[in-house]
Structures are given as C-alpha cells and as structure tokens.
Amino acid sequence: MAIEITLLGTGSPIPDPHRAGPATLVRTGGQTLLVDCGRGVLQRAAAVDVGANNLDALLLTHLHSDHITDLGDVIITRWVTTFDAQAAPLPIIGPPGTAEVVRATLEAFGFDIGYRIAHHDDLTEPPPLEVHEYTEGPVWDREPVRITAAPTDHRPVEPTLGFRVDCEGTAVVLAGDTVPCAGLDDLSAGADALVHTVIREDLVNQIPMQRFKDICDYHSSVQQAAATAARAGVGTLILTHYVPAIAPGQEEQWRQLAATEFDGRIELGDDLHRVQVG
Ligand SMILES: [Zn+2]
Ligand SMILES: [Zn+2]
C-alpha cells in the first residue's frame with residue numbers, strides 16, 4: 001500500500017516567514033499519523049484538509065521545543081473540534097518524558113480547559129489522551145499499519161526515537177534529529193524511503209557564534225543523511241528541517257550535496273511538499 005508523506009513544516013527553531021516548525025504527516029492504510037508538532041502545524045495541516053480531530057496518532061521523535069511547540073494547540077484544538085463524546089482518546093507516542101510534557105501542557109492550559117468545560121454543556125471532561133512511552137520496539141499495530149521505534153543519537157537529548165511505518169509491503173522511516181547511528185541504520189534497512197532532518201554544516205560553520213556551531217555536533221549534515229540512506233538501501237530520501245532555511249533558488253545545491261552520497265530519488269522543498277512512496 002502506498003504511503004503518502006507531507007512535509008507540513010520544514011523549518012527549525014529559527015522562526016521563518018515561509019517555513020513552519022518540524023512536523024510531518026504520514027497517511028496510509030486509511031490512517032493519518034502526525035510525526036512531531038512544531039510551530040504552525042495545524043495551519044499547515046489545514047492546508048491539506050487535515051484537522052486535529054482527524055489524527056489517528058501523534059508520534060514524537062524527541063522533546064526538543066521546536067518539535068513540540070504546538071503540542072498544546074493539537075491537544076486543545078482536537079478536544080474542542082471533536083463532537084462525538086465517545087471519540088477515542090488521542091494516542092501520543094514518544095520517548096520517556098512524554099507523559100510529563102503532556103501532563104505539564106494540560107496544566108498550562110488548565111484555565112482554558114476549565115473555562116470550556118464551564119461554558120459548553122457537552123464538554124465535561126478534559127482532553128482525552130493516551131500517552132505511550134517507548135525507547136524501541138513495536139509502538140503501533142492497527143491493521144494495516146505497523147510502527148516500530150528505534151533509538152537514535154541526538155545527545156545530550158536522550159532518549160530520542162526514529163519511527164518506521166510499515167503498511168502492506170511499503171515502509172517509510174522518519175529519523176528525527178540524529179547523527180548517523182546504528183539504531184537508525186537498523187531501522188531503515190530495506191525501507192522504501194527515509195525522511196531525515198538535515199543541516200548544512202558548511203553554512204552553519206561560517207556563522208561566527210559558538211551557539212550556532214554547536215548545532216553541528218548532534219545533527220546529520222545533508223551528506224551524512226544521504227550516506228545513511230545509501231547504507232539502508234532506500235529508494236527515496238526526503239530531506240526536511242533545513243538549517244539554515246533553503247534560500248530561494250538553492251534547492252539544487254542541497255540536492256547535489258545529497259547526491260554525492262546517495263544515487264536514489266532525492267526529495268526536498270517547501271512546506272506542504274508531498275511525496276508518494278510505494
Ligand atoms: Zn532536536
Ligand atoms: Zn530539531
């Protein structure tokens with residue numbers, strides 16, 4: 001079965017007028033899965049007719065702010081736009097620490113939740129959520145979609161997860177933020193596509209500020225992500241989370257850098273770029 005990947009947000013922690021924060025939509029087998037929920041995620045999702053109440057699950061690769069900025073928006077907006085009192089809770093799947101972040105988010109929105117319960121007769125309970133923490137292994141098995149997690153290496157951020165989505169013979173891996181590592185290699189082996197966050201080490205290193213240079217030591221460069229894709233034998237590499245943002249007209253330069261290590265299909269672009277796999 002085909003898997004459709006939509007890059008909802010291709011940005012990074014640095015606000016950009018044209019790029020939302022990290023978030024990727026995966027649609028396959030009748031299911032809609034959101035991986036990370038960076039700045040502006042629901043605005044971008046609305047552009048492809050997906051609302052918070054259409055999500056079957058939210059997957060978090062790690063708890064860095066840029067990847068979870070809009071967690072509160074996803075939770076509250078789903079709650080207030082779900083009109084079926086019997087609707088299933090939103091599964092939120094992430095690394096250890098996720099339950100604490102979700103709890104604190106609900107607490108931060110505690111006044112809002114109270115106002116809305118007081119105001120609407122049909123809202124009687126806080127947002128229904130179901131948090132599952134994993135470090136590796138199977139995390140989702142709902143016919144026909146299976147999802148497996150594996151540890152990645154984004155230290156000192158840990159633990160961090162990559163996810164592999166399998167649907168009837170097609171597989172896509174979402175790496176999140178990581179340097180090349182065995183966990184990601186094993187997870188990606190034999191998949192059809194790899195979605196990888198990337199930085200331009202050559203450009204970031206030109207910035208004369210240590211805090212920017214620090215970014216390089218826990219992310220993959222474009223070439224490193226491409227080498228991971230080549231080792232895994234995937235047919236398609238999808239680049240996202242561009243640091244710095246791809247300047248207009250520079251897409252080919254980024255593609256060329258990836259092509260030095262990987263000779264398959266290379267996809268990159270703006271928010272809402274869509275790739276069909278399988
Ligand atoms: Zn990160
Ligand atoms: Zn990030």
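This is a predicted model: local features need pLDDT of at least 70, side-chain atom pairs count only at pLDDT 80 or more; totals for chains, interfaces and linings use all residues.
**Entry 1: the annotated span**

I began with residues 20-219, whose end C-alpha atoms lie 19 Å apart.

**Entry 2: Asp-66**

Next I went to Asp-66, which carries the UniProt annotation "active site", again from an unreviewed entry. I found Asp-66 in helix H2, which covers residues 65-68. Is Asp-66 buried or exposed? I got 20 C-beta neighbours inside 10 Å, so Asp-66 counts as buried. The cut-off for buried is 20 or more. Then I listed what Asp-66 touches, skipping neighbours within four places in sequence: Ser-12, Pro-13, Gly-21, Pro-22 and Gly-38.

**Entry 3: Thr-98**

I looked up Thr-98 and found it in helix H4, residues 98-108. Thr-98 has 23 C-beta neighbours inside 10 Å, so I noted it down as buried. Which residues does Thr-98 touch, not counting those up to four places away in sequence? My list reads Leu-60, Leu-63, Ile-92, Val-131 and Glu-133. I also checked Tyr-134, which is 36 residues from Thr-98 along the chain. Their C-alpha atoms are separated by 9.4 Å.

**Entry 4: the core**

I turned to the largest nonpolar core and found 73 residues in it. Which of them touch the most other members? I wrote down Leu-58, Val-165, Val-172, Val-173, Leu-194, Val-195 and Leu-237. I followed up on Val-172, leaving aside neighbours within four places in sequence. Val-172 is in contact with Ile-3, Ile-5, Val-26, Val-165, Ala-191, Asp-192, Ala-193, Val-195 and Val-277. Val-165 and Val-195 are on that contact list, and I had already met both among the core residues that touch the most other members.

**Entry 5: two helices packing**

I then took up helix H9 (residues 222-232) and helix H10 (residues 251-259). They pack at an angle of about 50°, and I have their axes 7 Å apart. That angle makes H9 oblique to H10. From H9, the contact uses Val-222, Gln-223 and Ala-226. From H10, Trp-254, Leu-257 and Ala-258 take part. For the handedness, I noted that H9 passes H10 in a right-handed crossing.

Where are the cis bonds I noted? One runs from Glu-158 to Pro-159, with omega near -5°. I placed Pro-159 in the loop between strand E8 (145-151) and strand E9 (161-167). Another cis peptide bond joins Val-243 and Pro-244, with omega about -5°. Pro-244 sits in the loop between strand E12 (236-243) and H10, and H10 is one of the helices I looked at in the packing entry.

For positive phi, I noted Glu-168, with a value near 45°. Glu-168 is in the loop between E9 and strand E10 (170-174). I counted 15 C-beta neighbours inside 10 Å, so Glu-168 is partly exposed. Leu-272 is not a glycine, yet I found a positive phi of about 80° there. Leu-272 falls in the loop between strand E13 (265-267) and strand E14 (273-277). With 16 C-beta neighbours inside 10 Å, Leu-272 counts as partly exposed.

Conventions: Residues are numbered from 1 along each chain as its sequence is written. Chains are lettered from A and ligands numbered from 1 in the order in which they are written. A nonpolar core is a set of buried Ala, Val, Leu, Ile, Met, Phe, Trp, Tyr and Cys residues joined through C-beta atoms within 7 Å. A residue is buried if 20 or more other C-beta atoms lie within 10 Å of its own, exposed if 12 or fewer, and partly exposed in between; C-beta atoms are placed from the backbone. Two residues are in contact if their C-beta atoms, placed from the backbone, lie within 7 Å. UniProt positions are given in the numbering used here, feature names are shortened, and annotations may be inferred rather than shown by experiment. Helices (H or I, at least four residues) and strands (E, at least two) are DSSP runs, numbered from the N terminus. Axes are lines fitted to C-alpha atoms, for helices over the stretch in contact, and angles run from 0 to 180 degrees between N-to-C directions. Angles under 35 degrees count as roughly parallel, over 145 as roughly antiparallel, 65 to 115 as roughly perpendicular and the rest as oblique. A crossing is left-handed if the near helix is turned anticlockwise from the far one by less than a right angle, and right-handed if clockwise.
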